[in-house]
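Here's a quick tour of a protein model, written for someone new to reading structures. Have the 3D view open and follow along topic by topic.

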Amino acid sequence: MTRINGETKLYGLIGHPVKHSLSPLIQNTLSIVMGLNNVYLCFDTPPGQLEKKVTSLIGVGVEGFNVTMPHKEEVIKYIDELSESALYVNAVNTVFVDKGIAKGFNTDCEGFVRSLKENFGYGVEGDSVLMLGAGGAAKAIAVGLLQDGCKKLYIQNRTLKRAKDLKDSLPDFSDRIEVVEDIKLIPEDVDVIVNTTSVGMHGELEGKSPLSDGYEFNKNQRVVDIIYSPPETLLLKKAREKGASTLNGYSMLFWQAVIAFEIWNKVKVGRDELDEILKILKENGVMI
Ligand code: ATR
């Protein structure tokens with residue numbers, strides 16, 4: 001149990017809503033297991049209150065904070081320096097207040113790739129990847145995949161223009177990005193499939209798949225869904241039944257948090273500590 005005292009360092013999450021966020025559980029577990037005197041809290045920040053909240057947090061001496069919906073892009077206005085990934089994505093999910101300088105990162109990019117490496121043993125270098133969806137999460141994942149060296153990134157989205165806009169927003173990588181105009185034209189030989197759409201998510205889209213019924217998975221594929229509720233979407237179930245390796249959204253959520261933690265605390269979370277953290281999270285219903 002963390003003992004809060006005069007040396008406790010403050011971290012937090014800015015977003016709206018934040019009530020159901022898993023970040024406090026993950027970050028406080030990381031601090032406890034790593035033996036660091038930190039506390040991580042949620043700061044609900046409705047639209048229109050972002051500047052006041054960022055200024056206040058930096059004013060009280062917060063060491064770092066995460067940023068989630070709907071503020072990941074707007075927060076850039078209040079940041080002094082941006083990492084390469086944050087620049088590419090034009091969005092920040094992690095701020096490190098380092099000697100008074102607010103540095104912005106996007107750990108969703110590296111977090112996604114790290115989740116693949118930790119779970120499957122390797123990333124996407126030389127692979128072809130199909131990404132379903134072209135929203136905010138898709139852009140961070142695309143940057144992570146391209147930075148890791150994927151050979152080809154196919155993007156398919158319900159609204160074609162958004163997929164084209166996503167490609168156009170990443171000119172440094174455009175030779176490796178291909179927009180798939182129709183779901184029936186998806187190449188068969190993709191190594192990795194990533195769902196970044198809401199299709200399959202708990203609620204009215206639960207039980208639906210972002211891929212058409214006729215799609216044939218194969219056992220060499222890795223199929224990833226960034227949805228974690230339900231923990232196994234229809235997409236993952238169908239892929240698993242065909243022998244593909246699957247991964248749900250808890251993993252990306254966890255690894256983007258670990259990377260933020262490592263930036264803030266200038267530490268590496270080791271294998272033994274990870275095992276203990278994952279055990280505690282599992283006891284709390286987070287099945288990574
Ligand atoms: P996020 O930041 O989580 O990525 P977003 O920017 O709203 O959220 O993106 C949601 C993604 O899910 C988009 O790719 C969206 O497709 P459109 O660009 O066509 O809107 C996709 N999506 C949401 N509901 C969908 C549905 N019922 N069928 C297909 N795609 C859907």
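The C-alpha centres of domain 1 and domain 2 sit 25 Å apart. Keep in mind that this is a predicted model. Domain 1 is made of two stretches of the chain, 9–105 and 251–283, while domain 2 covers 110–248.

**Where the domains touch**

- On the contact side, 16 residues of domain 1 meet 19 residues of domain 2.
- The size of an interface is often given as the accessible area lost when the parts come together.
- Here, domain 1 and domain 2 bury about 1400 Å² between them, and carbon and sulfur atoms give 61% of that area.

**Polar links across the interface**

- Seven residue pairs are in polar contact across the interface of domain 1 and domain 2.
- Two elements give two or more residues to the side of domain 1 that touches domain 2: α3 (84–89) and α8 (250–265).
- Of these, α8 gives the most, with eight residues.
- Sorted by class, that side of domain 1 has eight nonpolar, four polar and four charged residues.

**Salt bridges**

- Side chains of opposite charge can pair when their charged atoms come close.
- Across the interface of domain 1 and domain 2 there are two salt bridges.
- Look for E118 and R271: their side chains meet in a salt bridge, with N and O 3.0 Å apart.
- The total count of salt bridges comes to 18.
- Another one to find is K72 with D108, where the closest N and O atoms are also 3.0 Å apart.
- That pair links distant parts of the chain, since K72 is in the loop between β3 and β4 and D108 is in helix α4 (residues 107–120), 36 residues apart.

**Around the ligand**

- Which of the 13 residues around the ligand come nearest? Those are A134, N157, R158, T159 and R162.
- A134 uses its backbone: one of its polar backbone atoms is 3.0 Å from an oxygen atom of the ligand.
- A137 also has a polar backbone atom by the ligand, 3.1 Å from an oxygen atom.
- R158 uses its side chain instead, with a polar atom 2.9 Å from an oxygen atom of the ligand.

- Most residues other than glycine have a negative phi, and most peptide bonds are trans.
- Another cis bond runs from S229 to P230, with omega near 5°. You'll find P230 in the loop between β11 (222–225) and α7 (234–241).
- N90 isn't a glycine, yet its phi is positive, near 60°. N90 belongs to the loop between α3 and β5 (94–98).

Methods: Residues numbered from 1 in each chain as written. Predicted model: local features only at pLDDT ≥ 70, side-chain atom pairs only at ≥ 80, totals over all residues. Heavy atoms only, no water. Domains from an automatic or database assignment. Contact = heavy atoms within 4.5 Å. Buried area = accessible area lost by both parts, 1.4 Å probe. Salt bridge = Lys/Arg side-chain N within 4 Å of Asp/Glu carboxyl O. Polar contact = N/O pair within 3.5 Å; in protein donor to acceptor, adjacent residues only side chain to side chain. Helix = DSSP H or I, 4+ residues; strand = E, 2+ residues; numbered from the N terminus. Nonpolar A, V, L, I, M, F, W, Y, C, P; charged D, E, K, R; others polar. Near = heavy atom within 4 Å.
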